[in-house]
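Below is a set of questions and answers about one protein chain. Each answer works towards the value or name asked for.

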Amino acid sequence: MADFIRRLWVAVLLVPILVAGMYLDASPWSILVMSGIATMFAHDEFLRMALPVRPEDAEVPLRVVVVGLLGGAVHALPMIFGPGTALPPLLSFSVVVIAATMLMRRHHLDRAGRHMAACIASLLYVPLLASVWPLIKDQLGPGWLFITLALAFSSDTVAYIFGRLWGRHKLYPAVSPGKTWEGSLGGLVGGVLATVGMGSLLLVPELPIKHALILGVVGSLFGQVGDLFESMLKRGYGVKDSSALLGAHGGMLDRVDALLFVGPVVYYYATLVVRAPG
């Protein structure tokens, strides 16, 4: 229950700020800035887990300058220039820059392969997935962004309640011992409540009920995969939280792990299915 209360406090503190960015600022820039800050911290937390700094590493870590700047570009430029225009050259350029940087760090040759893999994976995992958050506000409208956040939060919250009340069968104990199949079912219920209740019936009337049902189920499933995936990473890296940025709440990546996977589902489902021509 204490963990649930902490999650609610995070929502109470952050939701008003996000709502202000969605509805008081008609432009997408405030959301771009807020999502950029969240992405910066989450991206750095992943790299700190994957590439911990050794005591003998006196120079500035590669992740701080090169990969951090590339991550900022991958997150922000797709909204400015369009994802179809910006992403292919950005990702290609990122691979070349990281490879060239590795070649210049000759004393790290024994770890070059692991560093290269972690740096490229970090760009795909955090900034690329997060790049759709401002796109949702810019191209689809604030209502769509609101139900994206509601889908991720409602799915997580209702899953927690179902798991606490009725959880008996472990979902994936090797990765997350506390999660149950009953909780996972609750997550689907929470996702549908968000997309139908806050979406079709309130904020996004253009979203038909049948599509809201599909989006709620699929979005919740992807969000749960995102949550489990980050839990798997933390177990593999031997850490409890991605960082101590939010105190007892863990790190930024702990808070947006599901949202990273939910955002692309909402963006592409709305773009390719709901708003598809014809």
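Q: What pattern does the chain follow, read along the sequence?
A: Helices (H or I, at least four residues) and strands (E, at least two) are DSSP runs, numbered from the N terminus. The secondary structure comes to 10 helices and two strands. Read along the sequence, these elements follow the pattern α-α-α-α-α-α-α-β-β-α-α-α.

Q: What kind of model is this, and from which number are residues counted?
A: This is a predicted model, in which local features need pLDDT of at least 70, side-chain atom pairs count only at pLDDT 80 or more, and totals for chains, interfaces and linings use all residues. Side-chain values use heavy atoms, with hydrogens and water left out, and residues are numbered along each chain, as its sequence is written, from 1.

Q: What share of the 278 residues in the chain is buried?
A: Buried means under 20% relative accessible area, exposed means over 50%, and partly exposed is in between (1.4 Å probe, protein chains only). Of the 278 residues in the chain, the buried ones make up 47%.

Q: How much of the accessible surface of the chain belongs to carbon and sulfur atoms?
A: Accessible areas come from the Shrake-Rupley method with a 1.4 Å probe, and for residues only the protein chains shown count as cover. The accessible surface of the chain comes to about 13,600 Å². The part belonging to carbon and sulfur atoms is 73%.

Q: Among contacts between residues at least 6 apart in sequence, what share joins residues at least 24 apart?
A: Contact means heavy atoms within 4.5 Å. Among contacts in the chain between residues at least 6 apart in sequence, the share that joins residues at least 24 apart is 73%.

Q: At roughly what angle do the axes of helix H6 and helix H7 cross?
A: Axes are lines fitted to C-alpha atoms, for helices over the stretch in contact, and angles run from 0 to 180 degrees between N-to-C directions. Helix H6 covers residues 132-140 and helix H7 covers residues 142-166. Their axes come within 6 Å and cross at roughly 145°.

Q: Which residues of H7 meet H6, and how many residues of each class does the contact have?
A: On the H6 side are Trp 133, Ile 136, Lys 137 and Leu 140, and these meet Pro 142, Trp 144, Leu 145 and Thr 148 in H7. Ala, Val, Leu, Ile, Met, Phe, Trp, Tyr, Cys and Pro count as nonpolar, Asp, Glu, Lys and Arg as charged, and the others, Gly among them, as polar. By class, the contact of H6 with H7 has six nonpolar, one polar and one charged residues.

Q: Which helix gives the most to the nonpolar patch?
A: Patches are made of residues with over 30% relative accessible area and no salt bridge, where like charges are joined within 9 Å and nonpolar side chains (Val, Leu, Ile, Met, Phe, Trp, Tyr) within 5 Å. Tyr 23, Met 198, Leu 201, Leu 202, Leu 203, Ile 209 and Leu 213 form such a nonpolar patch on the surface, with about 640 Å² of accessible area together. Helix H8 (181-203) and helix H9 (209-237) each supply at least two of its residues. With four residues, the helix that gives the most is H8.

Q: Is Ile 209 buried, partly exposed or exposed?
A: Ile 209 is found in helix H9. Its relative accessible area is 39%, so Ile 209 is partly exposed.

Q: How many residues apart in sequence are the parts tied together by Asp 227 and Lys 179?
A: A salt bridge is a side-chain nitrogen of Lys or Arg within 4 Å of a carboxyl oxygen of Asp or Glu, and the structure holds six of them. The side chains of Asp 227 and Lys 179 meet in one (3.3 Å, N to O). Asp 227 lies in helix H9 and Lys 179 in strand E2 (residues 176-180), so the parts that the pair ties together are apart in sequence by 48 residues.

Q: In which helix do Lys 234 and Glu 230 lie?
A: The side chains of Lys 234 and Glu 230 meet in a salt bridge (3.7 Å, N to O), and both residues are buried. They are four residues apart, about one turn of the helix, and both lie in helix H9.

Q: Which residues is Ser 154 in contact with, leaving aside its neighbours within four places in sequence?
A: Ser 154 is found in helix H7 and is buried, with a relative accessible area of 16%. Leaving aside those neighbours, Ser 154 is in contact with Gly 190, Gly 191 and Ala 194.
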